[in-house]
Amino acid sequence: MSARSIFDHAPLGATIQFSDGTPRPPARFRNKLAAWESRNSRGRLTRKQNEKCVGNTVLPANFTLHEADHGGGGVVVLRVYRTFSVDSELTFRVIEQPAIGSVRVFSRAGESGELVYLACDREDAETWLKSHGYPDAVLDEVVGDDPATASSEGRAA
């Protein structure tokens, strides 16, 4: 899938894999391997932003993937996000859709809201919210008739 297809059809909370199509270099080439890994990875789709104008500059639509959390002892000290323009030349694939019945927790309502947690059910989401500081959080349950979750290839809403 193209980046545009991911933006148009993949549901927030889906796990997305991206690749540049090149083969993985041997582990002994550490710099080449690190560069390859930066272009070939996966993450959870947390945000989509439409095209917008800032002054005379037009910023293309983009989406953000949450790649990893780093820390220890239950404390996250670094979150790794990657944002891709819909013009990206990388190849994308939906690996996993959010499960029906799971609950997406957004930081706030509207387009500026970001997926901050994907709970297995509403009780899990509410428990998570009590221990994390998102006063404007919005809960969104994944339902079976959501067109974006109907297939791994996605389809128009």
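**A guided reading of the predicted chain**

T46 is buried, with a relative accessible area of 3%; buried denotes under 20% relative accessible area, exposed over 50%, and partly exposed the range in between, with a 1.4 Å probe and protein chains only. The structure is a predicted model, in which local features need pLDDT of at least 70 and side-chain atom pairs count only at pLDDT 80 or more, while totals for chains, interfaces and linings use all residues. Residues are numbered from 1 along each chain as its sequence is written, and side-chain values use heavy atoms, with hydrogens and water left out.

T46 lies in strand β2, which covers residues 41-49. Helices (H or I, at least four residues) and strands (E, at least two) are DSSP runs, numbered from the N terminus. Apart from neighbours within four places in sequence, the residues in contact with T46 are L12, T64, H66, Y81, E114 and L115, where contact means heavy atoms within 4.5 Å.

One of these partners, H66, belongs to strand β5 (residues 62-72). H66 is likewise buried, at a relative accessible area of 18%. With neighbours within four places in sequence again set aside, H66 is in contact with G43, R44, T46, R79, V80 and Y81. By contrast, P23 stands 43 residues from H66 along the chain, and the C-alpha atoms of the two are separated by 24 Å.

The description now turns to the chain as a whole. Three helices and ten strands are present, and from the N terminus on their order is α-β-α-β-β-β-β-β-β-β-β-α-β. Taken along the principal axes, the C-alpha atoms fill a box of roughly 45 × 40 × 40 Å. Of the 157 residues, 31% are buried. Among contacts with a separation of 6 or more, 55% join residues 24 or more positions apart.

The surface remains to be considered. The chain exposes about 9400 Å², of which carbon and sulfur atoms supply 49%; accessible areas come from the Shrake-Rupley method with a 1.4 Å probe, and for residues only the protein chains shown count as cover. The chain carries 19 positive and 21 negative charges, whose mean positions are 8 Å apart. Lys and Arg count as positive and Asp and Glu as negative, whereas His and the chain ends are not counted; each charge is placed at NZ of Lys, CZ of Arg, CG of Asp or CD of Glu.

D121, E123, E126 and E141 form a surface patch of negative charge. Patches consist of residues with over 30% relative accessible area and no salt bridge, with like charges joined within 9 Å and nonpolar side chains (Val, Leu, Ile, Met, Phe, Trp, Tyr) within 5 Å; a salt bridge is a side-chain nitrogen of Lys or Arg within 4 Å of a carboxyl oxygen of Asp or Glu. D121 is located in the loop between β9 (115-119) and α3 (122-131), and D121 is partly exposed, with a relative accessible area of 33%.
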